[in-house]
Every structure is written in structure tokens, then in C-alpha cells.
Amino acid sequence: MRSSMFRSAETALRSRVSRSFSSESGPDRKVAVLGAAGGIGQPLALLMKLNPLVSKLALYDIAGTPGVAADVSHINTRSEVAGYMGEDQLGQALEGSDVVIIPAGVPRKPGMTRDDLFNINAGIVKSLCTAIAKYCPNALVNMISNPVNSTVPIAAEIFKKAGTYDEKKLFGVTTLDVVRAKTFYAGKANVPVNDLNVPVVGGHAGITILPLFSQAMPKSNALSDEDIKALTKRTQEGGTEVVEAKAGKGSATLSMAYAGAVFANACLKGLNGVPDIVECSYVQSSITELPFFASKVRLGKNGVEEVLGLGSLSDYEKEGLEKLIPDLKASIEKGIKFAKEN
């Protein structure tokens with residue numbers, strides 16, 4: 001009876017993973033996770049090990065990685081796992097990577113804003129991107145390290161200095177904002193969350209996060225203007241909600257790992273030629289006056305195939321867009337300034 005229960009649970013888990021990620025393997029693909037021993041990195045490593053599109057999984061951190069790699073490597077899925085630790089092994093971890101995911105850095109603590117993280121995480125991102133430019137310049141780079149509004153511009157400047165910058169291959173992972181928007185909207189509107197789609201545009205901090213609930217599909221007419229405002233605020237403050245709930249013991253690690261795995265899966269499917277893969281991401285963009293902006297992006301064999309427009313916005317969303325521009329502009333400029341001066 002007990003064995004049967006475990007088999008049923010394993011079957012259910014595999015089915016769930018297949019629905020959330022990919023159900024079939026494809027060409028050999030190497031994924032590197034930088035910061036793999038951390039709060040986001042460990043569950044992200046687990047989720048990438050479960051993804052059949054990954055044939056090689058390289059786990060890197062400054063400490064603790066051999067244990068994480070040994071643990072994850074025992075899972076009976078396709079990918080071969082290797083752990084790398086310390087700066088002298090970073091190049092080996094990166095060589096041959098198709099996708100590099102960067103959750104490295106310090107987490108938020110109560111009372112800490114994303115901006116407080118800047119000086120520490122900016123330096124980490126700079127050193128990791130310098131290595132990426134050297135060892136796997138053609139990889140798709142998925143930036144999770146906060147503040148994303150600034151770390152993506154930092155990465156772009158580092159790649160420009162190295163002569164390897166390709167705007168189609170650098171992504172700020174804003175998928176968690178989409179995941180939250182879907183979850184919160186579905187709960188309030190009482191609609192199935194699995195088939196729901198809610199675009200989230202702008203940036204990845206506070207008021208720069210702009211969920212476009214007017215474009216939610218399938219649409220619900222059950223929500224008032226006040227409901228939409230409350231849902232928008234909750235989406236914008238989702239990270240703070242988790243930080244406060246954990247009471248000084250962490251930030252959003254599990255949901256961020258899930259969101260990071262969802263976006264990496266989309267990148268892998270795009271690389272493999274699966275058509276019409278569209279996700280929201282913070283990329284180099286010309287759809288507003290800002291050089292970087294999150295919106296829907298069509299993914300393909302070269303990374304970004306097309307940056308999609310904002311579509312029709314409600315008056316409330318137009319107002320939100322106008323409000324977020326100055327904040328996002330300042331964060332972008334801060335990142336560029338750091339990269340040029342360091």
C-alpha cells in the first residue's frame with residue numbers, strides 16, 4: 001500500500017513537471033546555475049534536473065556546491081550534474097553552456113529594499129559576467145540577481161567592454177511577477193489559474209512592476225476597479241510580503257526558483273526551435289523611451305526573436321506606466337554608471 005502511494009506520488013510529480021516545463025528531451029543542452037548553493041539556487045538546481053531538455057547541469061557557487069551537486073545528481077533524470085566551487089573553477093562550469101542562470105547574490109532582509117542590495121550584488125554580477133564573456137559568450141544569460149532593473153544594464157555594459165554583447169541573449173527574469181499576478185488574479189476572480197495569462201511589464205521592483213490585468217486571458221468581469229488596484233499593489237509588493245512572512249529568515253526563494261525554471265525552460269524550447277514561445281522579460285527594448293523594459297518577448301534560436309508591444313492599456317495602467325518611468329530610468333542609469341566606473 002505504502003509503495004503504491006509513493007509510486008502514485010512520483011507519477012503525479014512527473015506529470016506536474018511535464019506540464020509546467022517540457023515533456024520531451026531535445027538536443028544536448030548545457031545549463032549553468034551560478035549561485036547554486038543558495039536559497040534560490042538549490043531548488044532551481046532541483047527543477048532544472050527535472051527538465052528533460054537539460055543534458056548537462058553545471059552547478060557553481062563560492063562554497064557548498066559539491067554537496068548540492070551530489071544530492072541532485074542522484075535523481076533519475078536525463079542530465080549529468082557537475083558541481084564547481086570557487087573562482088578557479090568558474091570557467092570550467094561555464095564552458096559550453098547554452099543557458100546561464102544567475103541567482104547569485106545576497107537575499108533581501110526585513111526593512112531592506114532592492115536598492116540596498118545594489119553594491120554587493122552589482123560586484124558579484126560584474127565578476128560573473130566578465131567570466132561569461134570569456135568562457136561562453138554565446139550563451140543566453142538569465143539574470144535573477146537583484147536589483148534586476150540595474151543588474152541587467154550592468155551585465156550589458158560588461159559584455160560591451162568585452163566585445164561580446166548581444167542584446168538578444170540577455171534577459172532579466174521577471175517571471176515571478178507574472179506568476180504572482182496570475183495567482184492573485186485567479187484567486188480573486190475565481191477562475192482556473194492553470195490556463196490564465198497576465199502580462200506584466202515595466203521592471204522588477206515596486207511600482208516599476210505593472211501587471212496588465214486588463215489583458216488577462218481568460219478575462220473576468222467580476223472585478224471592480226478597486227479590486228484591480230489592490231491586485232496591482234499586491235503584485236508589486238509580493239516580495240516584501242514573503243520577506244515579512246519569513247520574519248528575517250529569508251526572501252522569496254522557492255517561488256523565485258520555480259519562476260526561474262519556467263523562464264529557462266522557455267529559453268531552451270526557443271533554442272530548440274519550438275515556435276511561438278512568448279514570455280515576459282526585462283530586455284533591451286525600444287517600445288518606450290527607456291533602453292531596458294520588461295514586456296512580452298518571442299523567444300527563438302537566437303534568444304529574443306521579437307520584443308512585442310504593450311497592446312491596449314486601461315487608463316489606470318497608462319497612469320502606472322507614466323509613474324514607473326522615472327524610477328526605472330534611475331535604476332538603469334545607476335547600473336550603467338556602476339559598470340563604467342568599476
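## Helix 7

Helices are DSSP runs of H or I with at least four residues, strands are DSSP runs of E with at least two, and both are numbered from the N terminus. The structure is a predicted model, in which local features need pLDDT of at least 70, side-chain atom pairs count only at pLDDT 80 or more, and totals for chains, interfaces and linings use all residues. Residues are numbered from 1 along each chain as its sequence is written, and side-chain values use heavy atoms, with hydrogens and water left out.

Helix 7 covers residues 175–189, which is 15 residues. From first C-alpha to last it reaches 21 Å, close to the 21 Å expected at 1.5 Å a residue; the expected span is 1.5 Å times one less than the number of residues. Just after helix 7, Asn190 has a positive phi of about 60°.

Among the buried residues of helix 7 are Leu176, Val178, Phe184 and Tyr185. Buried means under 20% relative accessible area, exposed over 50%, and partly exposed in between, with a 1.4 Å probe and protein chains only. The buried residues of helix 7 pack against several elements, including strand 7 (200–202), helix 9 (238–245) and helix 10 (254–271).

## Lys219

Lys219 sits in the loop between strand 8 (209–211) and helix 8 (225–236). Its relative accessible area is 48%, so Lys219 is partly exposed. Beyond its neighbours within four places in sequence, Lys219 is in contact (heavy atoms within 4.5 Å) with Tyr185, Phe213 and Ser214.

The side chain of Lys219 reaches the backbone oxygen of Ser214 at 3.5 Å. The C-alpha atoms of Lys219 and Ser251 are separated by 31 Å, and the two residues are 32 apart along the chain.

## Asn142

Asn142 belongs to strand 5, residues 140–143. Asn142 counts as buried because its relative accessibility is 0%. Leaving out residues up to four places away in sequence, Asn142 touches residues including Val99, Ile101, Phe171, Phe263 and Cys267.

## The cavity

Rolling a probe the size of a water molecule over the atoms shows where empty space is left. On a 1 Å grid over the protein atoms alone, a cavity is a set of points where a 1.4 Å probe fits but cannot get out, and lining residues have an atom within 4 Å of a point. Grid points are joined across faces, edges and corners, and a volume is the space filled by probe spheres set on the points.

The structure holds one cavity of 30 Å³ or more. The largest cavity has a volume of about 80 Å³, and its lining includes Ile132, Phe159, Asp166 and Lys169.

Definitions and conventions:
1 Å grid on protein atoms, 1.4 Å probe; cavity = no way out; pocket = protein on both sides within 12 Å on 5 of 7 lines; lining within 4 Å. Polar contact = N/O pair within 3.5 Å; in protein donor to acceptor, adjacent residues only side chain to side chain.
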